[in-house]
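Dear colleague,

Please find below the structure that I am handing over to you.

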Amino acid sequence: MPWDDKFECMGEEERERFQLERLRDTVRWIHERVPFYRRRLQEAGVSPDDIRSLDDLHRLPFTVKNDLRDHYPFGLCAVPMADVVRVHASSGTTGKPITGLYTAKDLDRWAECMARALWSAGVRPDDILQDAHGYGLFTGGLGFLQGATKLGCTVVPTSSGQTERQIMLMRDFGTTVLCCTPSYALTIAERAQEMDLEVRSFRLRLGVFGAEPWTVAMRQEIEQRLGIEAHEVYGLTEMGGPGTAFSCEAQDGLHINEDHFLPEIVDPVSLEPLPMGERGELVLTSLQKEALPLIRFRTRDITRLRREPCPCGRTLIKMDKVSGRTDDMLIISGVNVFPSQIESLLLDIPEVEPQYVLVVRKKGYLDQLIVQVEGKKEVYEAGSEKRAEVEQKIARHIREIVGIGAQVHLMDPKTIARSEGKAKRVIDERPKD
Ligand code: DLL
């Protein structure tokens, strides 16, 4: 049974009517209140009254990250600041952060989206949920806290870091649900092993992870190491934070909270909408946000949409696991490579740990991919010949499966920095033009 079957199991006609009404309201709202959008709509020759069907979405202009940066921090706010009760921000590796703004209603709706996600993962009021996402401006910590509080379970807001303490509390409190990034879940599993603790004997039974791309192979690795069932939440600061989409018992894609977010897939180059089922860039329009509604926001995340019956009973459209971001896509000698392709391949190699970094360099005119991956302790101890053999094996797999040549460096155990939040897996050293 879903958390909210009225909205999670809506019939097609009812859903489309609901979405169209909300889309119209949103366009009217931003047209009246946000000068940037009024200008953009004028330039596109669209007025709020032109939105008569969901297909009219395609007439609306896109919003990109730079639009938010250009109006940093509050320039796109659609309500008086007196109505804004919270600000979040994404760290943003370059330049200014992106700010998320919330009215009291926005916070409540966000908590509702997160409660649906956690419920779907199997979290119930008698669970003890350890929220090891970073607290503060990052939306992960408070987003999970609010959703879990709404659901009614016991929240332990540890935030990220202090891994040993994290593990001690997990054992002492009898934590049953762990929430953090997948890479931090791995860090926790590894640290516990170093402390000679068997997490599998703890009460932990579920994990709800997100905030960074991870493969199915990585999910299984985490499930196995922690002795849990792992679920997933997807979201982004621009749409309010975690809770845009979530996995269900079918473990086959993520349901999008479609009454709050209208999804499309476009070709990232031509920006033409792609037919259902085709892979491309996910574009989202918020349908119920008050402080910071965004239309046709280009997420840069690569996925595809599927409208199909799900064994869980939800009718919410599904998106595939995000395979990467357009800005993480490496073009190596003309071949498009996503870090996730390398990740799933590495996780199939028994001699290495799931800890890797991809370095891209320019050598003359050619791009060069260097895969740094940690060898298991036994491999490291088996000597240089064994290490060279494993390196060659991985390079051969990369050539066969991805179609590019790569230099593989087997790193000594524990030399790749462990993540406490979003892992940095790609270091692009090519000069920017
Ligand atoms: O990462 C919100 C979040 C927190 C989601 C906790 C899930 C759990 P940002 O910092 O703005 O917000 O980063 C958003 O992270 O565009 C994706 O590229 C990536 N991302 C988020 N969830 C997933 C996921 C939060 N489940 C960006 N799979 C997004 C793959 C994800 N990538």
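A polar contact is a pair of N or O atoms within 3.5 Å. The model is predicted, and the distances below should be read accordingly.

The ligand site comes first. A nitrogen atom of the ligand lies 3.1 Å from a backbone N or O atom of Ala211. For Val233, a backbone N or O atom is found 2.9 Å from a nitrogen atom of the ligand. Arg325 takes part through its side chain, where an N or O atom is 3.0 Å from an oxygen atom of the ligand. The ligand taken alone exposes 600 Å², of which the protein buries 94%.

The shell around the ligand holds 21 residues, and Glu232, Val233, Thr237, Asp301 and Lys422 come nearest. By class, nine are nonpolar, seven polar and five charged. Helix α6 (139-151) and strand β7 (229-236) each supply at least two residues, with β7 giving the most, namely five.

Two further residues may interest you. Arg219 belongs to helix α9 (residues 216-226) and counts as buried because its relative accessible area is 12%, under the 20% cut-off. Its side chain forms a polar contact of 3.4 Å with that of Gln251. Beyond its neighbours within four places in sequence, Arg219 also touches Trp214 and Ala230, among others.

Glu343 sits in helix α10 (residues 339-346) and is buried, with 3% relative accessibility. Leaving out residues up to four places away in sequence, Glu343 is in contact with Trp214, Thr215, Met218, Tyr356 and Arg425.

With kind regards

Notes:
Residues are numbered from 1 along each chain as its sequence is written. This is a predicted model: local features need pLDDT of at least 70, side-chain atom pairs count only at pLDDT 80 or more; totals for chains, interfaces and linings use all residues. Side-chain values use heavy atoms; hydrogens and water are left out. Helices (H or I, at least four residues) and strands (E, at least two) are DSSP runs, numbered from the N terminus. Buried means under 20% relative accessible area, exposed over 50%, partly exposed in between (1.4 Å probe, protein chains only). Contact means heavy atoms within 4.5 Å. A polar contact is a pair of N or O atoms within 3.5 Å; within protein, one must be able to donate a hydrogen and the other to accept it, and residues adjacent in sequence count only if both atoms are side-chain atoms. A residue is near a molecule or strand if one of its heavy atoms lies within 4 Å of it. Accessible areas come from the Shrake-Rupley method with a 1.4 Å probe; for residues, only the protein chains shown count as cover. Ala, Val, Leu, Ile, Met, Phe, Trp, Tyr, Cys and Pro count as nonpolar, Asp, Glu, Lys and Arg as charged, and the others, Gly among them, as polar.
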